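Try each task before turning to its solution.

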Amino acid sequence: MALDEQLRQLAERVPAPPSGDADALFQRGVRRRRVRQAAGGVAVVAVLGIGVVTLVGNPSLPDIADRPPAPAPTPSEEGGDRTDREAQQAPADPDRIACEPDGCELWRRPLAGLPATPQWVAGDPVVIEDEQLVGLGVDTGAVRWQVPIGDELRAREGGPVDLSLGRVMLTGNDELVVLANTQGVQLVSQSGQARWARPVPADGAHLSWAHVTDTSVVVVHEAPPELDDTEELDSSQPLSLAVTITVLDATDGQVRWSDRAPRQVYALPTLADQQGLLLVEGEDQTITALELDSGEPRYRLPGGAELSPEHTGDVLTLRNPDGTASAPTQLFNATDGTVRAEVAGTVRALLDIGNRTIVLVTADGGDRPREAVAVDPDGSIAWRHPVEPALADGCCPTILDLDGGWARIADGPGAEPLIVDTRDGTVRADDPLAAASTDTTGVQGQIGRQLLIERPTQQDTNGFILRDHTGRTLRISGQATPDATARTEREIVLLANPRELVAVRLP
Amino acid sequence: MQDRDGFTGFYERCRREVHAAVAVTVGDHHLAADAVDEAFVRAAERWPQVSQMERPAGWVYRVAVNWATSWRRKWSRRPTLPIDALDGLHQDDLAAVTMLEELAVLPLVQRQMLVLRFVLGYSVPETAAVLDVAPGTVKSGVHRARQQLHADVEVSDGTR
């Protein structure tokens, strides 16, 4: 058979796509176009009577009417990574021009205050409202789709869906949205197509974790110990009496495997996504890494009391096995559980920068980080640097990844940071993230690599400031510091607390 | 209204074939469905320009493939089995599965050239315009792809 006939026949054997709504897609596209055109003409936005976004810096934006019409877009500008060579050669993205130079708020939406919301899916948020999963467009906040929560998630026919704290979770990735509660699990595509719903009753246990990878959905239920009046809870005993793991096939919701974990399951979403593994602790306190899709063990690690596994990149670490801070801590290769390196002391924080892992470690039985150590994939130590002056408090050490090969080591808001070159450990004298003014109390959190959340110093202002490393700021008033943030491909940042969801476009 | 009608007509005419073309290219009809939806939204967003193109379906196809490969690069831990492009009835079709497996090892741009040429029926100049390459590049790319597929046969229109 000729090649062209073979290919045409192949195409005929592709199943038809699910039924589509041309009108809905057209409306979405029109809304995006309007937002793109409208956002460029506004310098100050009064939003729903809740608060006002003030652009700090150059307040004047170019008049969109004076700009030449955008050229016909080439496909290379669309859909691909910004690192594509073709994208770099393409004309400037008009979406960015429209909101220069300081960004702007796009929309706000009040939320129902449910513990499970919101969740980010492919850059578009999903929330729960009136017992429906509601997909919102990230550009406008308008409703893209709505899917009723399935009956499989109700305790009885016609009864309400239990959406209370500890009994429900909403999670997702770029393709899939999963809603799990103590009755069942429901999966919807990120375009709002209902895929399946399955009852997975928890028999009174609460839902401790739900996560979806591209192949599986995992839910973990925990039942607290039952004590009578004469018993006391021994702190050396596990808090959970019964831990049940259920893993479902993401394609059709069929149960791949289900088992009881003797002690506990460690919720490490990046380990599940990147290595396809689930960590469980056994009766003998060993840690077993299970294949998420099959439940088969891949490797075991030495256990110990008060374990706290952490995962970043390809590195997994546990607190030292015998529980004493002076014993060395092992860094494991997350893929196969082999030892990559040993570092003295307890690991307090770690950061993966692709080709190197930076860890903050304690020494001499104390809690306070004493040293930053850079470990390469072959286990060799690239450099060490004392950090004690910068982390005098020892409370909450963090390592932030900055552009240009720098890491920012600090301890709590307002602390004097240590800026180190991740390549050789040399210290930089200035802090590239130092506030341009004295208007903030210091870094509260980080979004991605370049954006910080800071709290204003004025006590009468309820809000926070987004700031990038060049000093450009965007002030968000009328909202408490968000509980959750996400940054999308299109330079839109989503900020959420249980009462409100806000979308802002970055400069 | 005219824009909406024009877009709707375009969508209804082209969606099925673009979806199939993307599914064959990326080897996954579920991923293709989401990618094509997103590409049509982007076409609607830029409808004044896209509607003037000679082959707007080619633009949608390429945007969808870009989106799908970008998604897979970021999120997919395992390679999709080429069999995921087929409907259930044909997953036992050895010839179809073999063809998909052979396509999967080709560089993406060669796959796109084959699909645009022989699934969507674009001419060499039209294929070159969609992929933003020279016509000679399309000819040589198709030739190399055919060599790799061991399909050294004439196509049904007599060309090689």
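Two strands are said to pair if DSSP finds at least two bridges between them. The model used here is predicted.

**Exercise 1.** Find the order of the strands in the open sheet of chain A that four strands form, and decide which of them stand at the edges.

*Solution.* Begin with the order, which in chain A is E12-E13-E14-E15, with antiparallel pairing. Next, look at the ends of this order: strand E12 (206–212) and strand E15 (255–261) of chain A each have a single partner strand, so one side of each is left without a neighbour in the sheet. Neighbouring strands of this sheet are turned against each other by 15 degrees on average, if direction is ignored.

**Exercise 2.** Determine how many bridges join strand E13 of chain A to strand E14 of chain A, and name the residue that stands opposite A:Ser216.

*Solution.* Strand E13 covers residues 216–223 and strand E14 covers residues 242–249 of chain A; the two run antiparallel and are joined by eight bridges. Within this pair, the residue of E14(A) that A:Ser216 faces is A:Asp249.

**Exercise 3.** Explain why strand E5 of chain A counts as largely enclosed, and describe how its residues point.

*Solution.* A residue is buried when its relative accessible area is under 20%. By this cut-off six of the six residues of strand E5 (residues 124–129) of chain A are buried, so the strand is largely enclosed by the rest of the structure. For the directions, recall that in a regular strand the side chains alternate between the two faces of the sheet. In E5(A), A:Asp124, A:Val126 and A:Ile128 point one way, whereas A:Pro125, A:Val127 and A:Glu129 point the other way, and all are buried.

**Exercise 4.** Decide whether helix H6 of chain B is mostly covered or mostly uncovered, and list its buried residues.

*Solution.* Helix H6 (residues 108–118) of chain B is mostly covered, since nine of its eleven residues are buried. The buried residues of H6(B) are B:Gln110, B:Arg111, B:Gln112, B:Met113, B:Leu114, B:Val115, B:Leu116, B:Arg117 and B:Phe118.

Notes
Residues are numbered from 1 along each chain as its sequence is written. Chains are lettered from A and ligands numbered from 1 in the order in which they are written. This is a predicted model: local features need pLDDT of at least 70, side-chain atom pairs count only at pLDDT 80 or more; totals for chains, interfaces and linings use all residues. Side-chain values use heavy atoms; hydrogens and water are left out. Buried means under 20% relative accessible area, exposed over 50%, partly exposed in between (1.4 Å probe, protein chains only). Axes are lines fitted to C-alpha atoms, for helices over the stretch in contact, and angles run from 0 to 180 degrees between N-to-C directions.
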